[in-house]
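This report goes through one protein model, element by element. The sequence and coordinates come first, and the notes follow.

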Amino acid sequence: MSADIFDPDNCSCLVIKIGSALLVGEDGAVRREWLAGLADDIADRHARGQKIIVVSSGSVALGSHILELDKAESRGLEDAQAAAAVGQISLSQAWAELLGARDMMAALILVTLGDLEDRRRYLNASATLDRLLSLGAIPVVNENDSVATEAIRFGDNDRLAARVGQAGSAKGVILLSDVAGLYNANPDKDAGAQMIPEISDIDDDIMAMADRGSGSGMGSGGMVSKLEAAKIATSAGIPLAIVSGKRSNPLGSYAKDNVGTIFKAQPPASARKAWLAGRLTSQGQIVIDLGAVEALRGGGSLLSAGAVAISGMFERGDVVDIADKHGKVIARGLAEYDSVSTARIVGKKSVELEEILGYAPRSAIVHRDHMVLF
């Protein structure tokens, strides 16, 4: 793989995501020997001045073992929340001990989906990460599963790692996985499956190669979540790599052989547009006609005449998805009108809006300066 696409050893700030299947053994306990090897890798980079952010899974798996909940029992939301509350203490203790033994300071950050979807809270999280890194700490981030609900959560730490990469101004993200990279077929089922070393564009063909399953039964992601994480990171100008974590000293091993899949960063958008592109939720959707699709792709704003229908309840300034008539989301932006007013002017020409609304209309339903295309 080409170092000019992504060189994890030399980027100034690196996010490392560790899945549950790597961190927690079949006995339900922390794999301390493996984790100690990763801590050695981190210490080596930290000593060379690289800033490191860790996104660590494992709290639910650890807590389930401590509470003696088997996998079937712990799948319910209440049990998962209880397991996370108990397991997070053990997980944090392991990180603090292993990093501390190597003269590094661990800092725990627990976040919910809302902390990174709300712009103000996102900026607060970004400021906290920046200050911790400037003080030489190693932020250890996890989703706050003890309070997150099924409807309002990341659901996997792959996408969380990509969002944390944005918030922490990282220059690269590594997803340590029980799979060595993205294959053109499922390697467990097809002996002829080939790993793809570099990907420049995550199109429909690439997404079709993904397998939603988590091989261990312990994680919550799968290859689909990793590709979605890659979309978030690369659209923000951050390269991402999927790398095998099954080896000892996985970062050092990767530096030697570069076996994995790298997703090339796209030209970075503005910070606000990158945040918009990386969001996992929206308050509504506006369906538009073909002419409007072409106008948006040509750099235009979304005008009322190009809108066909809306769904959801939103206020002015809320995030809305913009979809074509086939339901494919092609853009996301900040609404210039609330949903009630938008519904009244769908399909109407600009000259009609003042009479319909009773006040001087805004120039667009979603302005191009507050919109990102997919």
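## Strand 11 and its partners

Strand 9 (residues 284–288) pairs with strand 11 in the parallel sense, and four bridges connect them. Opposite Gly284 stands Val320 of strand 11. The model is a predicted one.

Strand 11 also pairs with strand 12 (residues 329–334), here in the antiparallel sense and over five bridges. Asp321 has Arg332 of strand 12 as its bridge partner. The hairpin formed by strand 11 and strand 12 has five residues between the strands, and in it Gly327 takes a positive phi near 90 degrees.

## Burial of strand 11

Strand 11 covers residues 319–323 and is mostly covered, with five of its five residues buried. In a regular strand, side chains alternate between the two faces of the sheet. Both faces are covered in strand 11: Val319, Asp321 and Ala323 are buried on one side, and Val320 and Ile322 are buried on the other.

An open sheet is formed by eight strands in the order 3-4-2-1-5-7-8-6, with mixed pairing. Strand 3 (105–111) and strand 6 (198–199) are at the edges; each has a single partner strand, so one side of each lacks a neighbour in the sheet.

Within this sheet, strand 2 (residues 51–56) and strand 4 (residues 137–143) run parallel and are joined by two bridges. Val54 stands opposite Val140 of strand 4. Helix 10 (residues 250–257) lies across strand 1 (13–18), strand 5 (172–177), strand 7 (240–244) and strand 8 (260–263). Relative to strand 5, helix 10 runs at about 110 degrees.

## Aromatic and charged contacts

How many aromatic pairs does the model contain? The count comes to one aromatic pair. The pair consists of Tyr122 and Trp275, whose ring centres are 6.5 Å apart and whose planes are at 55 degrees, so the pair is tilted. Tyr122 belongs to helix 6 (residues 119–134) and Trp275 to helix 11 (residues 271–278), so the pair ties together parts 153 residues apart in sequence. Both Tyr122 and Trp275 are buried.

A charge also sits over a ring: the charged end of Arg362 is over the ring of Tyr337, 5.4 Å from the ring centre.

## Asp178

Asp178 is located in the loop between strand 5 and strand 6. Is Asp178 buried, partly exposed or exposed? Its relative accessible area is 27%, so Asp178 is partly exposed. The side chains of Asp178 and Ser177 are joined by a polar contact of 3.4 Å.

Trp275, the partner of Tyr122 in the tilted pair, is 97 residues from Asp178 in sequence. In space, the C-alpha atoms of Asp178 and Trp275 are 29 Å apart.

Most residues other than glycine have a negative phi. Asp103 has a positive phi, near 60 degrees, and is not a glycine. With a relative accessible area of 74%, Asp103 is exposed.

Ser169 also has a positive phi, of about 55 degrees, although this residue is not a glycine. Ser169 is placed in the loop between helix 7 (157–167) and strand 5. Helix 10 lies across strand 5.

How values were computed: Residues are numbered from 1 along each chain as its sequence is written. This is a predicted model: local features need pLDDT of at least 70, side-chain atom pairs count only at pLDDT 80 or more; totals for chains, interfaces and linings use all residues. Side-chain values use heavy atoms; hydrogens and water are left out. Two strands pair if DSSP finds at least two bridges between them. Contact means heavy atoms within 4.5 Å. Axes are lines fitted to C-alpha atoms, for helices over the stretch in contact, and angles run from 0 to 180 degrees between N-to-C directions. Buried means under 20% relative accessible area, exposed over 50%, partly exposed in between (1.4 Å probe, protein chains only). A polar contact is a pair of N or O atoms within 3.5 Å; within protein, one must be able to donate a hydrogen and the other to accept it, and residues adjacent in sequence count only if both atoms are side-chain atoms. Rings of Phe, Tyr and Trp (its six-membered ring) pair if their centres lie within 6.5 Å; planes under 30 degrees apart count as stacked, over 60 as edge-to-face and the rest as tilted. A charge sits over a ring if NZ of Lys or CZ of Arg is within 6 Å of the ring centre and within 35 degrees of the ring normal.
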